[in-house]
Amino acid sequence: MYIIVGLGNPDRQYQNTRHNIGFDVIDVIADKNNITVRERKHKALIGKGVVGGQKAVLVKPQTYMNLSGESVREVIDFYKADEKSELIVISDDISLDVGQIRIRKKGSAGGHNGLKNIILHLGHDEFQRIKMGVGQKPEGYDLVDYVLGHFPKEEREIMDESAMRAADAIAVMIAEGADAAMNLYNSAKRKEQHGGKM
């Protein structure tokens, strides 16, 4: 049973912000696989279905970002999932260019409060994740204001396309493994971007 967690904040005011791109990817996965994410359980909105040929639970924690680990811990325990091989977490990342995707099998929180809290509750950082690039904050900007801000129209279009690619990447991670997905999606975006800048 795969547990796919998109990180975000629950209130309407945070919809479509940089920090909520994890929720957006969950919505795309749900649409692609005819899954309804409405059930309130484990401090989250959850939906069950099949992704990449395997049973999966889609999770949108409703705890606020910095307590995401509470929800993730509950879901993992309830479904008796192996968090090292069956958990995939989707989060925003300000160190990556807008639209860039980076798949990792483990790693530090990199200053992300949601990931930090998940690592705290799991007791390790060995879980798969997809980092969604939202771009570095402009100089002089407050970090909180930046990640809780909305994308300009042009960037929103890039992120919508990126969310589609992330959903496809997760299907590959489940069906063929993280390494196969990393080969396809980590390098492809970099080449695309490099090519676009020449």
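Is E126 buried, partly exposed or exposed? At 34% relative accessibility, E126 counts as partly exposed (buried is under 20% relative accessible area, exposed is over 50%, and partly exposed is in between, with a 1.4 Å probe and protein chains only).

Before clicking on, some housekeeping. This is a predicted model, where local features need pLDDT of at least 70 and side-chain atom pairs count only at pLDDT 80 or more, while totals for chains, interfaces and linings use all residues. Residues are numbered from 1 along each chain as its sequence is written, and side-chain values use heavy atoms, with hydrogens and water left out.

**Stop 1**

Helices (H or I, at least four residues) and strands (E, at least two) are DSSP runs, numbered from the N terminus. K84 is partly exposed too, at 44% relative accessibility.

**Stop 2: K43 and its two partners**

Now select K43, E70 and E74. The E70 and K43 side chains form a salt bridge at 3.2 Å, N to O. E70 belongs to helix α2 (residues 68-79) and K43 to the loop between β2 (39-41) and β3 (44-51), so the bridge ties together parts 27 residues apart in sequence. E74 also meets K43 in a salt bridge, this one at 3.7 Å, N to O. Since E74 lies in helix α2 and K43 in the loop between β2 and β3, the pair ties together parts that are 31 residues apart in sequence.

How accessible are these three? K43 has a relative accessible area of 41% and is partly exposed. E70, at 25%, is partly exposed, and E74, at 31%, is partly exposed as well.

**Stop 3: where α2 meets α4**

Stay on α2 and bring up α4. Two packed helices are described by the angle between their axes and the distance between the axes. Here the angle is about 45° and the axes are 7 Å apart (axes are lines fitted to C-alpha atoms, for helices over the stretch in contact, and angles run from 0 to 180 degrees between N-to-C directions). α2 and α4 are therefore oblique to each other; angles under 35 degrees count as roughly parallel, over 145 as roughly antiparallel, 65 to 115 as roughly perpendicular, and the rest as oblique. The crossing of α2 past α4 is right-handed (a crossing is right-handed if the near helix is turned clockwise from the far one by less than a right angle, and left-handed if anticlockwise).

To see the contact (heavy atoms within 4.5 Å), select S68, G69, E70, V72 and R73 on α2, then G114, N117, I118, H121 and L122 on α4. By class, this contact has three nonpolar, five polar and two charged residues. Ala, Val, Leu, Ile, Met, Phe, Trp, Tyr, Cys and Pro count as nonpolar, Asp, Glu, Lys and Arg as charged, and the others, Gly among them, as polar.

**Stop 4: α1 against α6**

Next, show helix α1 (residues 21-32) with helix α6 (residues 153-176): their axes come within 9 Å and cross at roughly 60°. That makes α1 oblique to α6, and the crossing of α1 and α6 is right-handed.

On the α1 side, pick I21, D24, V25, V28, I29 and K32; they meet R156, M159, A163, M164, A166, A167, D168 and I170 in α6. The contact of α1 with α6 divides into 10 nonpolar, no polar and four charged residues. While here, select D24, R156 and D160, which are linked in a network of salt bridges. The whole structure holds 15 salt bridges.

**Stop 5: loops**

Which residue in the loop between α1 and β2 comes next? N34 is found there, with a positive phi near 55° in a residue other than glycine. N34 is exposed, with a relative accessible area of 73%.

Jump to Y64, in the loop between β4 (54-61) and α2. Y64 is not a glycine, yet has a positive phi of about 80°; its relative accessible area is 33%, partly exposed.

Finish at K80, in the loop between α2 and α3 and exposed at 72% relative accessibility. Draw a distance from the C-alpha of K80 to that of E157: 37 Å separates them, and they are 77 residues apart along the chain.

Key
A salt bridge is a side-chain nitrogen of Lys or Arg within 4 Å of a carboxyl oxygen of Asp or Glu.
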